[in-house]
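This note is meant for a colleague meeting the structure for the first time. Please keep the view open while reading the points below.

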Amino acid sequence: MNIKAMLGVAAFAASTVFATGAMAQVKPDILVKQRQSAMVLQGKYFGPLAGMASGKVPYNAAVAARNAGYLDALSKMAWDGFDASTSGEKTRALPEVYSDAAKFKETADRFQAEAGKLLAAAKDGNEANVKAAIGDVGKTCGSCHDNFRQKQ
């Protein structure tokens, strides 16, 4: 390996170590803001889907597919923001998020799986299947809110 290649590898390794260390040092309040932002966006893209499923909004296959795609991506984003370092932050997360982390993770995993099923149904385009998948996503959202989020 020539010197330029070795320097390139060393620079990459150093930047990876720095980036990994920097991520590990994210302040708890920033983690909370990041997870809350992801969840606000989940609500933004799920709201019209829920309206379609309930018949309050006319079904639109293109919007359903777009929103399902966004929701699938967003369903993976919030969870690393529930680091134990955030347990003392002022949020609506119940202590059970941290004391029953296995159940919380199971609920998050189920939400991600249902969002993936919704995306698959939306790509298939069968309105009845999409609406059923929207209902399943909604149930997982409700389950998490019932068990891990303070009521307003």
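1. The side chains of E106 and R110 meet in a salt bridge with an N to O distance of 3.8 Å, the term standing for a side-chain nitrogen of Lys or Arg within 4 Å of a carboxyl oxygen of Asp or Glu.

2. The model is predicted, with local features needing pLDDT of at least 70 and side-chain atom pairs counting only at pLDDT 80 or more, while totals for chains, interfaces and linings use all residues. Residues are numbered from 1 along each chain as its sequence is written, and side-chain values use heavy atoms, leaving out hydrogens and water.

3. Helix α5 (residues 101-124) also holds K105 and D109, again four residues apart and separated by about one helical turn, and their side chains form a salt bridge at 2.8 Å, N to O. D109 is partly exposed at 34% relative accessible area, and R110 is partly exposed at 33%, where buried means under 20%, exposed over 50% and partly exposed in between (1.4 Å probe, protein chains only).

4. Another salt bridge joins K76 and D72 at 3.1 Å, N to O; K76 is partly exposed at 46%, whereas D72 is buried at 15%. The search of the whole structure finds five salt bridges.

5. Overall, the protein chain has six helices and zero strands, and 28% of its 152 residues count as buried.

Key: Helix = DSSP H or I, 4+ residues; strand = E, 2+ residues; numbered from the N terminus.
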